[in-house]
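Visitor: Hi, could you walk me through this one? I'm new to it.
Guide: Happy to. Here it is, and then just ask away.
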Amino acid sequence: DQSGGQYLQTYIPAHGTIITNSVISPQANIYSAFEQMGQPRPTPQELRRMIPRMNRWSDIVWFLWAKKTGQFADDLRYIVKDNIVNKPTRSVIDQVFGIPPNTLELKWPGRTFDVRNSDQGKALLGSPLGSGIAWVLADNKKVLGNRSVKITIFTGEPKGKDTKYFAIFELVRV
């Protein structure tokens with residue numbers, strides 16, 4: 001399509017894992033293009049005409065996962081967010097740790113938050129990148145059953161604002 005949206009994932013069915021490498025929604029890309037041209041954002045009606053019908057990350061990632069795994073789609077156990085660059089999500093991570101922006105230094109194995117008993121876990125699941133995972137679970141409950149989420153956060157080599165943030169969302173059967 002011409003929306004410029006880009007969802008790049010690596011699927012590893014044998015390990016029940018999806019690794020998300022890049023997430024640029026069609027909406028975000030179109031808004032960015034309009035801003036760069038100095039034009040106002042398109043109206044919701046105009047935007048609907050510019051983007052494909054299936055445009056949410058959660059819908060696309062599940063469609064491809066189910067296509068690759070068939071009857072074993074319920075084996076999904078992990079969704080890994082590789083190199084989080086989304087500023088609102090990084091901000092939520094920094095707030096969860098109570099630190100100034102872009103100063104997190106937390107090598108593997110990082111720190112894990114369980115959304116069942118942690119406000120920090122709930123905040124991470126409610127972040128822009130985490131909410132897509134919540135949608136995967138909600139929209140596909142018939143296949144996946146009841147799941148909760150444990151979220152592990154860690155970083156790569158410290159490089160200030162260029163430090164890579166990572167998140168592993170473990171989809172736990174309950």
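Visitor: How many bridges join S1 to strand S2?
Guide: Seven bridges do, in this predicted model. S2 covers residues 17–24, and the two strands run antiparallel.

Visitor: Which residue is the bridge partner of leucine 8 in S2?
Guide: Serine 22 is the partner of leucine 8 there.

Visitor: And in what order do the strands of the sheet come?
Guide: The order is S1-S2-S3-S6-S5-S4. These six strands make an open sheet with mixed pairing.

Visitor: Which strands stand at the edges?
Guide: Those are strand S1 (6–12) and strand S4 (111–114). Each has a single partner strand, so one side of each has no neighbour in the sheet. From one strand to the next, the twist averages 20 degrees.

Visitor: What about helix H6, which strands does it lie across?
Guide: Helix H6, residues 128–139, lies across S2, strand S3 (78–81), strand S5 (147–155) and strand S6 (165–173). Helix H6 runs at about 20 degrees to S6.

Visitor: New topic: where does asparagine 55 lie?
Guide: Look in the loop between helix H2 (44–50) and helix H3 (57–69).

Visitor: Is asparagine 55 buried or exposed?
Guide: Buried, because its relative accessibility is 12%, and the cut-off for buried is under 20%.

Visitor: What does its side chain reach?
Guide: The side chain of asparagine 55 reaches the backbone oxygen of proline 52, at 3.0 Å. Beyond its neighbours within four places in sequence, asparagine 55 is in contact with Tyr7, Pro26, Gln27 and Ile60.

Conventions:
Residues are numbered from 1 along each chain as its sequence is written. This is a predicted model: local features need pLDDT of at least 70, side-chain atom pairs count only at pLDDT 80 or more; totals for chains, interfaces and linings use all residues. Side-chain values use heavy atoms; hydrogens and water are left out. Helices (H or I, at least four residues) and strands (E, at least two) are DSSP runs, numbered from the N terminus. Buried means under 20% relative accessible area, exposed over 50%, partly exposed in between (1.4 Å probe, protein chains only). A polar contact is a pair of N or O atoms within 3.5 Å; within protein, one must be able to donate a hydrogen and the other to accept it, and residues adjacent in sequence count only if both atoms are side-chain atoms. Contact means heavy atoms within 4.5 Å. Two strands pair if DSSP finds at least two bridges between them. Axes are lines fitted to C-alpha atoms, for helices over the stretch in contact, and angles run from 0 to 180 degrees between N-to-C directions.
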